[in-house]
Amino acid sequence: NKVKEAAGSGTGVLGDSKSLNTHFENNTYYLVDSTKQMDGRIYTLDNRNGGFNSLPGYDITDSDNRFTETSQRAAVDAHHYAGKVFDYYYNKFGRVSYDGNGSDIISTVHFDTNYNNAAWIGNQMIYGDGDGKVFAPLSGAIDIVAHELTHAVTDSSANLVYEFQPGALNESFSDVFGFFLDPNDWMIGEDVYTPGREGDALRSLSNPNLYDQPDHMNEYRTLPNTEEGDYGGVHINSGIPNKAAYYTINAIGRAKSEKIYYRALTIYLTPNSDFASARQALIQSATDLYGSTEANAISSAWSNVGVN
Ligand SMILES: Cc1cc(C(=O)NCC(F)(F)F)no1
Ligand SMILES: [Ca+2]
Ligand SMILES: [Zn+2]
């Protein structure tokens, strides 16, 4: 049947207006985007503050295709930014959806109550509203949306185990592609982090120490593979590969770095890759795509953080 695509608009988390690809049916507009060159669609749904057992949540509808209700703001950004991240992976690398097979991209907002987090849970994204102190609704930051959707890309490719060094690499690749989608700063999550305070962020790639992350192997945190231990410190030790990425991008530029990081993630890295393996995968990718100048810059970047 003819798909009824509509061009809508909405108000995002920060009160800004943005375009939306919506679906029109039975005199109602839905947050469903079927404009992408793939069989799958981008769906954004509302969990109405329910938990895991009410996922994937409920359709988000509007009568006039202007999603301007306060309650719709998180969904507006989740939907708009998911489309932007789809476009990035498609236009830059020819990747059709997170798995390369055009699978549906499902995002659910208003997950739980005062939930200060967002996640890829294996088949969809979930976004908390934050508690208004630590976080505003988390879909309001494109670097966070890209971070989460990159977990889906990673799971469909390198499938890095989410613990110890492979897990820290998993986290780092999500932060690095979060930077590539939001290259105006080296911070992650700044747009929704501590709405009452200016200038801070969840993490910094240029200075991981700012947010208690190591930026060198001599500060590597040995932690237990438990929830309490952040699964061996996956969100903590990611500061080390994040700093190496910062050095790399400054040395060879963003365009080449994007291609090198994508090639390493989708061709060379494997579930148990550690930091030394990532260094080698990135060097090999740089050699494949460019040459020794770029490869040497990567070797130096990782030496600067104590990985040789
Ligand atoms: C500690 C800790 C950090 C994170 C984290 O990065 N979550 C993803 C984000 F999108 F919410 F930021 N989760 O636990
Ligand atoms: Ca940012
Ligand atoms: Zn993550």
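**Before you start**

This is a predicted model, so local features need pLDDT of at least 70, side-chain atom pairs count only at pLDDT 80 or more, and totals for chains, interfaces and linings use all residues. Residues are numbered from 1 along each chain as its sequence is written, chains are lettered from A and ligands numbered from 1 in the order written, and side-chain values use heavy atoms, leaving out hydrogens and water.

**Stop 1: the calcium ion**

Select ligand 2, a calcium ion, with Asp-143, Asp-182, Asp-185, Met-187 and Glu-190. Donors are N, O and S atoms within 2.8 Å of the metal (3.2 Å for Na, K and Ca); water is not among the atoms, so sites may look incomplete. Along the chain their spacing reads D-x38-D-x2-D-x1-M-x2-E.

Now find the secondary structure around them. Helices (H or I, at least four residues) and strands (E, at least two) are DSSP runs, numbered from the N terminus. Asp-143 is in helix α2 (residues 142–155), while Asp-182 is in the loop between α3 (164–181) and β12 (187–188), so the pair ties together parts 39 residues apart in sequence.

Is Asp-143 buried or exposed? Buried means under 20% relative accessible area, exposed over 50%, partly exposed in between (1.4 Å probe, protein chains only). Asp-143 has 1% relative accessibility and counts as buried. Asp-182, at 9%, counts as buried too.

**Stop 2: the zinc ion**

Select ligand 3, a zinc ion, with His-147, His-151 and Glu-171. Both histidines donate through NE2 and Glu-171 through OE, at 1.9 to 2.0 Å. The spacing is H-x3-H-x19-E. His-151 lies in helix α2 and Glu-171 in helix α3, so this pair ties together parts 20 residues apart in sequence. His-151 is buried at 8% relative accessible area, and Glu-171 is buried at 1%.

**Stop 3: the aromatic rings**

Select Tyr-88 and Phe-93. Rings of Phe, Tyr and Trp (its six-membered ring) pair if their centres lie within 6.5 Å; planes under 30 degrees apart count as stacked, over 60 as edge-to-face and the rest as tilted. By this rule there are 23 aromatic pairs. Tyr-88 and Phe-93 are edge-to-face, 5.6 Å centre to centre with 80° between the planes. Both residues are buried.

**Stop 4: helix α8**

Select residues 292–304, helix α8. Its buried residues include Glu-294, Ile-298 and Trp-302. Which elements do the buried residues of α8 pack against? They pack against α3, α5 (239–252), α6 (254–268) and α7 (275–289). Step on to Gly-306, which follows α8 and has a positive phi, near 85°.

**Stop 5: Thr-11**

Finish at Thr-11, in strand β1 (residues 5–11). Thr-11 is buried, at 13% relative accessible area. Contact means heavy atoms within 4.5 Å. Leaving aside neighbours within four places in sequence, Thr-11 is in contact with Asp-16, Phe-67, Thr-68, Arg-73 and Val-76.

Note on methods: The expected span of a helix is 1.5 Å times one less than its number of residues.
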